[in-house]
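Hi,

Here is the structure I promised to pass on.

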Amino acid sequence: METSKEDQVIPKSLTKYKEIISTLPQENGWKFAQPLCLYQGFWLTPNYLEGIMFAHENFKPQPDDIFLCSAMKTGTTWLKALAFATVTRTLNSSNPLLYKNPHDCIPFLDKDYIKNPIIQNTKPRVPLWSTHVLYSSLPKSVINSDCKIVYICRDPKDSFVSLWHFTNKLSSQYNIGKISLQEAFELYCNGCSVYGPYWDHVLSYWKASQEWPNRVLFLKYEEMVKDAGFYLKKLADFMGFSFSLEEEREGAVDKIVEFCSFENLSNLEVNKMGKHRPDEKGGFDNNMYFRKGEIGDWKNTLTLEMGARLDKIMEDKLRGSGLIFNSSLD
Ligand code: A3P
């Protein structure tokens, strides 16, 4: 059997990546199946790092590709659904979002690309990619391109609580040890979380959006929750898929907002019972991506002191950047 060029590239580079990864600082505190490793200033498990290193060396975007970027637990699922529905304009019965989790509708650069490198050249293809890496850790081919980048961020208190719940659900699914709230909080406040430090993540995209506003759109989850229609139109305009007046008159914006709402998506059969990455051993239950979708839910898990500590860290880290997260301590 003949091996394709990609087949030969992957195994060779994997050995090289594994060697580099074995030299990186490690942290086991989150009790994942694999430790977190510190690479280019952010923490990540080796399997995802391999995917990113492979993308750094090989990925070439198409000129019309759009990158949906986020730290974990900041509204990625929602952004993917909104962007996918907007770009494809399909809300009929053939809409993939009806039978696939939003994460399975858009290739994930950090993981899907290494598994199937030829997807970058596949046509026709919905021109969307997603990634969790910091702006500075995107492949240079993306940074140096004119491709559009959309970033979503969220109040770190809600994002942290969401991450902690998610991590514990993962632990239950894979029968690995759970991390206590206190332990997770300490690690998070010290900058150690998946794809963290969170503040560096947010700042990297914030600075890029300030420097290249036509190329990097910076969104906040809380603002989107308050006026989803406004931000959907902004997203559509930015991506180059504006709604026409006729579409607006026919309610296309409201229909997408409604379809992608937490209530609707979380109640679809696929998201209640299905699996994300069903082809992989175990997969993730799709319902893990839908918990409450509320602003300020952190108060049900963190003490006010913990909230104030995280706010203070963010304030210190973001000082002078012009970016602020409205504290919701009251
Ligand atoms: P909570 O855990 O606070 O409920 P991500 O998609 O980046 O993994 O983020 C997950 C968070 O987004 C979870 O927050 C989840 O409930 C919320 N979420 C998922 N789908 C959403 C939607 N359609 N609208 C708003 N929030 C959503």
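Let me start with the ligand. Both α3 (76-88) and α13 (262-267) supply at least two residues each to the shell around the ligand. The largest share comes from α3, with three residues. Before you go further, keep in mind that this is a predicted model.

In total, 18 residues surround the ligand, and the closest are K73, T76, T77, S162 and K292. If you sort that shell by class, you get seven nonpolar, seven polar and four charged residues.

- T77: a polar atom of the side chain sits 2.4 Å from an oxygen atom of the ligand.
- T76: an N or O atom in the side chain is 2.7 Å from an oxygen atom of the ligand.

How much of the ligand does the protein bury? Taken alone, the ligand exposes 570 Å², and 97% of that is buried by the protein.

Next, a pair of helices. The axes of α10 (residues 228-239) and α12 (residues 252-259) come within 9 Å and cross at roughly 110°. An angle from 65 to 115 degrees counts as roughly perpendicular, so that is how α10 and α12 lie to each other. If you want to find the contact, look for A228, G229, L232 and K233 on the α10 side, which meet V253, I256 and V257 of α12. By class, this contact has five nonpolar residues, one polar and one charged.

Finally, two backbone details in loops. As background, most residues other than glycine have a negative phi, and most peptide bonds are trans. Against that, these two stand out:

- R89 has a positive phi, near 55°, and is not a glycine. You will find R89 in the loop between α3 and α4 (112-115). That is the α3 that gives the ligand shell its largest share of residues.
- The peptide bond from G196 to P197 is cis, with omega near 5°. P197 belongs to the loop between α7 (181-189) and α8 (198-211).

Cheers

Technical notes
Residues numbered from 1 in each chain as written. Predicted model: local features only at pLDDT ≥ 70, side-chain atom pairs only at ≥ 80, totals over all residues. Heavy atoms only, no water. Axes fitted to C-alpha atoms, helices over the stretch in contact; angles between N-to-C directions. Helix = DSSP H or I, 4+ residues; strand = E, 2+ residues; numbered from the N terminus. Parallel < 35°, antiparallel > 145°, perpendicular 65-115°, else oblique. Contact = heavy atoms within 4.5 Å. Nonpolar A, V, L, I, M, F, W, Y, C, P; charged D, E, K, R; others polar. Near = heavy atom within 4 Å. Polar contact = N/O pair within 3.5 Å; in protein donor to acceptor, adjacent residues only side chain to side chain. Areas by Shrake-Rupley, 256 points an atom, 1.4 Å probe, with all protein chains shown as cover.
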